[in-house]
Amino acid sequence: MNAEAGWERFIEEHFPGYLLPDSAAQALSEDAAARFLERISGRPDQLTLLRGVSTLAPRVPELRAFALRDLPDLVRRLPSRTETKRREWEGGFQGRLDVRGTLAYHLAGQSTRFVTRARHRRFDLPENVLVRCISARLLELLARLRHAGLLGTSGWGAELQECEGAIRHATLATVLREVPEEPLTSFHEQAAREGRIPCYARALEWHRALVDGLDSRDERTIARVVAEGALGPLAPPTRFELAVLVRLLQALWDHLQRSQPARWRLRRTLVAAHRRQVASLQRDDGAQVDVYYNQAHLEPGPSDRGAHHYLAQRGRMRPDITVVIRLPSGETRAVVIEVKLSSDPAYLLEGYHEAQLYRAEYAPALTGWPKAILVASGAVPGAPRREDDVVAVSWDRWVPPEVTAGILAGL
């Protein structure tokens, strides 16, 4: 197994179960799920994207059939009903004269009054309305995922770009555009269920899938969706960062359990309101190891302070991972970790220089060993040396026992 497949397999097996509290792994409120995904991705719409990916990814063949075969077939023979409209005119008329209605006016002395009747086709049958609404909803979902960068040129998402174009054409450039959109009810569902054109049954299936996948507020359903699909909307570098984070948590926990059994407990706090840590390891005497992900937790250093003073920049340097050790005496120290998904030596060198910058920026808090770490998906030839404040480690060696022991020294 190559290195990339190794970390991908690892995170698929351990995420998000290792970050969610045990109870939340079974039932997760919508607010907690949204908070969980926003904190790992930095995007407030991540739960919506997750639900969209989880709904579409297992149904790509069905969506292609609906968009490329069923919709065009329906458009070619869209059922309608005929409505006759009566219109009164003064002094002249256009259209088909209603002889009886006009004669009645003339016999009554209104010789300039005319009546016409025109036949109009209407396509607002309830089964057509359901198809129109479901097509519009699928189109909106596909556009949202595309704008989020989730429908790339390869993989499952690439197959859906053709579907988006076909659905857009059907809803905006064919007779289907004359069908109104309205809230769907059991009346629409029953009409689609009884319709004889295959597209109606397919649209009804998509209606149920979208309701379950996007609208359900059942906490067990949300927990299942998060567990099964949370990685889908995340970019590969973010997924690798999470793999490094989870393996770090496991290494710290295993070390403490072996060295001080029964004294420590692990609290997964990512979904807890007003908590910034992703996890906290707590000892019975008050010692604590807090792990932060993608946060500027430590006090700003000279680089941040200078950028604020001279350039009015309020942004902060944000290490990928920060570990803070809090001793019962009140003493604290920290370790920062930079993560790079790359095998390019030049890019990894940049990452190592970033780790060195973090070491200088947060020097007052980095009082142990190592002070800063670069973790790379590609090869790192050298092993960590005790004399180096900043070390580099490849994924296939992460987490070295000596690094774990160095982070937890003194506990």
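This report describes helix packing, nonpolar cores and backbone geometry in a predicted model.

## Basis of the description

Residues are numbered from 1 along each chain as its sequence is written, and side-chain values use heavy atoms, with hydrogens and water left out. Because the model is predicted, local features need pLDDT of at least 70 and side-chain atom pairs count only at pLDDT 80 or more, while totals for chains, interfaces and linings use all residues.

Two packed helices are described by the angle between their axes and the distance between the axes. Here, axes are lines fitted to C-alpha atoms, for helices over the stretch in contact, and angles run from 0 to 180 degrees between N-to-C directions. Helices (H or I, at least four residues) and strands (E, at least two) are DSSP runs, numbered from the N terminus.

Helix 4 (residues 60-76) packs on helix 9 (residues 198-215) at about 140 degrees, with the axes 9 Å apart. Helix 4 is therefore oblique to helix 9 (under 35 degrees counts as roughly parallel, over 145 as roughly antiparallel, 65 to 115 as roughly perpendicular and the rest as oblique). The crossing of these two helices is left-handed, meaning that the near helix is turned anticlockwise from the far one by less than a right angle; clockwise would be right-handed. Residues in contact (heavy atoms within 4.5 Å) include Phe-66 and Leu-74 of helix 4, and Tyr-200 and Trp-206 of helix 9. By class, this contact has 9 nonpolar, no polar and 5 charged residues (Ala, Val, Leu, Ile, Met, Phe, Trp, Tyr, Cys and Pro count as nonpolar, Asp, Glu, Lys and Arg as charged, and the others, Gly among them, as polar).

Helix 3 (residues 46-56) also packs on helix 9, at an angle of about 145 degrees and with the axes 9 Å apart. Its crossing with helix 9 is right-handed. Arg-51, Gly-52, Thr-55 and Leu-56 of helix 3 take part, and among their partners on helix 9 are Trp-206 and Leu-210.

## Nonpolar cores

A nonpolar core is a set of buried Ala, Val, Leu, Ile, Met, Phe, Trp, Tyr and Cys residues joined through side-chain atoms within 4.5 Å; buried means under 20% relative accessible area, exposed over 50%, and partly exposed in between (1.4 Å probe, protein chains only). The largest core has 65 residues, and those with the most contacts inside it are Leu-28, Phe-36, Ile-321, Ile-373, Trp-398 and Ile-407. Helix 11 (residues 236-259) gives the most to this core, with 12 residues.

Leaving aside neighbours within four places in sequence, Ile-373 has contacts that include Val-335, Ala-355, Trp-398 and Ile-407. A second, separate core of 41 residues includes Cys-133, Leu-151, Ala-203 and Leu-214.

## Backbone geometry in loops

Most residues other than glycine have a negative phi, and most peptide bonds are trans. A cis peptide bond joins Phe-15 and Pro-16, with omega about 5 degrees; Pro-16 lies in the loop between helix 1 (3-14) and helix 2 (30-41). The bond from Trp-398 to Val-399 is also cis, with omega near 10 degrees, and Val-399 is in the loop between strand 9 (390-394) and helix 14 (401-407).

Asn-294 has a positive phi near 55 degrees, and is partly exposed at 25% relative accessible area. Ala-312 has a positive phi of about 60 degrees; this residue is in the loop between helix 12 and strand 6 and is exposed, at 59%.
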